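We will go from stop to stop, selecting as we go.

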Amino acid sequence: MSGHDRCEIEEAVTVEKLIHAANSFSPYKSSGPDGVHPITLQKVVEIIPNQICSLMRQCLSVGYVPLKWRQSRVIFLPKPGKPDYSKPNSWRPISLTSFFLKTLERLIDKRIRTHEMCNYLVSNNQFAYLPGVSTETAISRFVGYVEKCRHNKEPVMAALADISGAFNNITVHSIERSLERMNINPCYRRWISFMLRHRILTSELMGTSVTIQVARGCPQGGVLSPILWNLVMDDLLTTLKAKVPSLFIQAFADDLVIAQQGIDPGTIVERVCQGLKHTGNWCTGSGLELNPNKTEVIVFNRRRSPLPPLRLHGEILTPKSVVRYLGVTMDDRLTLRDHVKLKASKAANQFSMCKRVVGRQWGFGSRIMLWLYTAVIRPSIDYGSVAWAHTAQQHGVIRRLRQVQHGACLAITGALKSTPTEAMECILGLLPLDIHVQGRALASWHRLGRNRRIYWDPLQTGCNSHIIIIVAY
């Protein structure tokens, strides 16, 4: 090991950083197979910090992970909304690893996740697992792109690509190649490669235990897994930009959007098809698979003129009139009314279930019910409002949103059904739901502007009529 690597390791693993990394975990999170909970690790680090610090430095210097740290206990969580839970793909495997390993991962993550790297990944249109960006950033950028094309009267074809088993099936070679391309320090690359190639997974079900060693994929639940996936995904985005420069491309984790606008329908379909073809080739080389059955295509076109068919792996992808992207339901006219109806109906059903545990003389009190509404149900409605806040000014949407809030206010106050919604909102200190949605949209717009991530201006869609009310709120 060179002197430069030794200095890098000594700077990355210090007593102060070790204590801070150990204390970053919740004290009573589920432990790995070694049975060491975070609270135990935090107490041990306070007693013998120098010994643990020396141990982790030696692990990095030789690129080795102790056997106990490599062992993981895997639990399977059901993915919501799946019709059949007898299929393995309907479950998400979560790896519970040793918190000694997670602490060392946290120290490495702090070193390789530099400010320059995060800015580069965001500038390359990645919006997951990075500071200052979120799903709202990705949604606002995509909506802004479609809005601009519609304003220029250009049709847009967008393909929402589905990469099957992204975290579980990615090859270690692809991760190593991405780390080398980003000039990550060799000592970190060597340690990460050893950790990924020598993982031991144990799973138990009804008294039966199975233990295997895996040499591919990133552990879901691992500290380094998000940034490693981002680096691998950056390789795909860079490849697509080089192969088809005219494409609109962005990624959020394993959700990939490939879109093309223009005036010639044949060219639009050809460019999107090229993007999907290069994505499929990249997936094959990385041990992944582009699933044509789950890849959705939508055409945003004012004139409703049909486009030529799009083919992927010999299968025709029929454009849909409604698709779902990052939790927002979009139609081919980008009215987003379907999203509001779906969210309002879901919120009403959720609050109906909450009302079953409430009576006039028993159950949750009004304070708990108000908290359930403002902290759980209402945020599920205003999610993504930066994209659909202009829809909340339509009379039909306003009426639907106020019906939801009227039902919530009745459940909270226990008032009669004929009680005016405005009166109950004044008593509870609630804004009308349509105004609250526009306030959340402006807050998101302000946050995106502060982080220099503005891709779409909601003020251009009519939200400015409630600026005074929202600012006062």
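**Before you start**

This is a predicted model: local features need pLDDT of at least 70, side-chain atom pairs count only at pLDDT 80 or more, and totals for chains, interfaces and linings use all residues. Residues are numbered from 1 along each chain as its sequence is written, and side-chain values use heavy atoms, with hydrogens and water left out.

Helices (H or I, at least four residues) and strands (E, at least two) are DSSP runs, numbered from the N terminus.

**Stop 1: helix α13**

Select residues 265-285. This is α13, with 21 residues. From first C-alpha to last, α13 reaches 31 Å, close to the 30 Å expected at 1.5 Å a residue. The expected span is 1.5 Å times one less than the number of residues.

Which residues of α13 are buried? Colour Ile268, Val269, Val272, Gly275, Leu276, Thr279, Gly280, Trp282 and Cys283. Buried means under 20% relative accessible area, exposed over 50%, and partly exposed in between (1.4 Å probe, protein chains only). Now look down the axis of α13. The buried residues fall within an arc of 165 degrees, so they line one face of the helix. The arc is that of the directions from the helix axis to the C-beta atoms.

Turn to the other side of α13. Lys277, Thr284 and Gly285 are exposed there.

What covers the buried residues of α13? Show β3 (156-164), α12 (225-243) and β7 (255-261), which are among the covering elements.

Then step past the end of α13 to Gly287. Its phi is positive, near 80 degrees.

**Stop 2: a residue in α12**

Select Ser225, in helix α12. Ser225 counts as buried, at 4% relative accessibility. Leaving out residues up to four places away in sequence, Ser225 touches Phe167, Cys218 and Pro219. Contact means heavy atoms within 4.5 Å.

**Stop 3: the cavity**

How many cavities of 30 Å³ or more are there? The count is 1. On a 1 Å grid over the protein atoms alone, a cavity is a set of points where a 1.4 Å probe fits but cannot get out; lining residues have an atom within 4 Å of a point. Grid points are joined across faces, edges and corners, and a volume is the space filled by probe spheres set on the points.

The largest cavity holds about 70 Å³ of space. Select its lining: Trp69, Arg70, Ser72, Thr97, Leu101, Glu105, Met195, Arg199, Pro219 and Gly222. The elements giving two or more residues to this lining are α5 (67-70) and α6 (99-112).

**Stop 4: two positive phi values**

Select Asn183, in the loop between α10 (172-181) and α11 (186-197). Its phi is near 60 degrees, a positive value in a residue other than glycine. Is Asn183 buried or exposed? Asn183 is exposed, with a relative accessible area of 68%.

Next, select Ala253, in the loop between β6 (248-252) and β7. Phi of Ala253 is near 60 degrees, again positive in a residue other than glycine. Ala253 is buried, with a relative accessible area of 8%.

**Stop 5: His390 and α17**

Finish at His390, in the loop between α16 (385-388) and α17 (395-413). His390 is buried, at 16% relative accessible area. Select α17 to end: its 19 residues reach 26 Å, first C-alpha to last, close to the expected 27 Å. Gly414 follows α17, with a positive phi near 75 degrees.

How values were computed: 1 Å grid on protein atoms, 1.4 Å probe; cavity = no way out; pocket = protein on both sides within 12 Å on 5 of 7 lines; lining within 4 Å.
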